[in-house]
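Good morning, colleagues. I would ask you to keep the model on the screen in view while I speak.

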Amino acid sequence: MDDQIRAAAEALAGRRNILVFTGAGISTESGIPDFRGPQGVWTRVDPGEFTIDRYLSSAETRRRSWEMRAGSGSLDAKPNRAHRAVTRLWKTGRMVGCVTQNIDGLHQRAGLPGDAVVELHGNVRRTSCLRCGDRMATTEVLERVSGGEEDPHCLSCNGILKTDVVFFGEVLPESAIARAFSMVAEADAVLAIGSTLSVFPAASVPLEVARAGDPLVILNQGPTELDELAAARIERPAGDALPKLVRALR
Ligand SMILES: [Zn+2]
């Protein structure tokens with residue numbers, strides 16, 4: 001075991017309510033691009049084009065949005081060894097839950113129960129009608145897109161369809177925030193994986209645990225905004241380091 005993993009395991013020793021916080025870096029090994037990294041989607045696409053206001057007012061933005069979803073491959077992605085390691089940690093009974101910035105649903109696919117996961121930015125696998133609230137699988141909508149509908153609307157009421165994902169300019173769902181902060185209140189440590197911890201309010205989840213005086217362990221390639229508060233840091237790919245860390249915690 002290397003020194004970074006040993007130090008992280010020591011920082012988490014004896015903790016019974018570890019809050020796991022995850023970002024894009026846990027899913028890169030599953031082939032999902034990191035939006036904000038150096039190769040990220042936002043280096044090629046202007047995020048200003050994908051605000052909720054634009055989405056609601058522009059058929060062209062909706063067409064581009066569905067086209068990007070269809071091409072992203074994120075609906076076909078499979079969980080990787082880092083997601084599975086989080087599930088193993090859950091099964092040891094030492095985790096209070098997992099708060100994620102990711103929209104890929106891969107924690108649940110890796111066997112983490114739905115009530116143990118808080119998706120702060122939503123889930124791309126579901127789509128809703130913004131008028132009647134009808135819900136459907138995103139794959140159904142993408143089938144209509146590949147069948148030639150550029151801006152598919154609700155089949156019951158003709159309302160605008162949108163994936164259950166938080167767009168730029170939208171507030172985070174209140175229920176998710178409430179569940180995340182009830183986990184924060186119970187947590188006695190936080191393990192932040194694959195996030196630069198720079199996007200707020202999401203990053204206030206690990207920040208509040210650290211501010212309460214409990215250890216913050218960061219597993220990320222590259223620096224994060226909360227490095228100064230970290231009890232330990234592992235600078236390695238999540239899929240490589242996390243299985244070792246979880247083994248060391250048992
Ligand atoms: Zn509808």
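Which residues in helix 4 meet helix 9, and which residues in helix 9 do they meet? Please bear in mind that this is a predicted model. On the helix 4 side, the residues are Arg 81, Ala 82, Ala 85, Val 86, Arg 88 and Leu 89. On the helix 9 side, they meet Ala 238, Gly 239, Asp 240, Leu 242, Pro 243, Val 246 and Leu 249.

The crossing of helix 4 past helix 9 is left-handed.

I turn next to aromatic contacts. The structure holds one aromatic pair, formed by Tyr 55 and Phe 167 in an edge-to-face arrangement. The ring centres are 4.9 Å apart, with 65° between the planes. Tyr 55 belongs to helix 2, whereas Phe 167 sits in the loop between strand 6 and helix 7; the two are 112 residues apart. Both Tyr 55 and Phe 167 are buried.

Finally, consider helix 8, residues 204-211. How many of its eight residues are buried? The number is six: Ser 204, Val 205, Pro 206, Leu 207, Val 209 and Ala 210. These buried residues pack against strands 1, 2, 7 and 8 and against helix 7. After helix 8 comes Gly 213, with a positive phi near 95°.

Conventions. Residues numbered from 1 in each chain as written. Predicted model: local features only at pLDDT ≥ 70, side-chain atom pairs only at ≥ 80, totals over all residues. Heavy atoms only, no water. Left-handed = near helix turned anticlockwise from the far one by under 90°. Helix = DSSP H or I, 4+ residues; strand = E, 2+ residues; numbered from the N terminus. Contact = heavy atoms within 4.5 Å. Phe/Tyr/Trp six-rings, centres within 6.5 Å; stacked < 30°, edge-to-face > 60°. Buried < 20%, exposed > 50% of the residue type's maximum accessible area, 1.4 Å probe, protein only.
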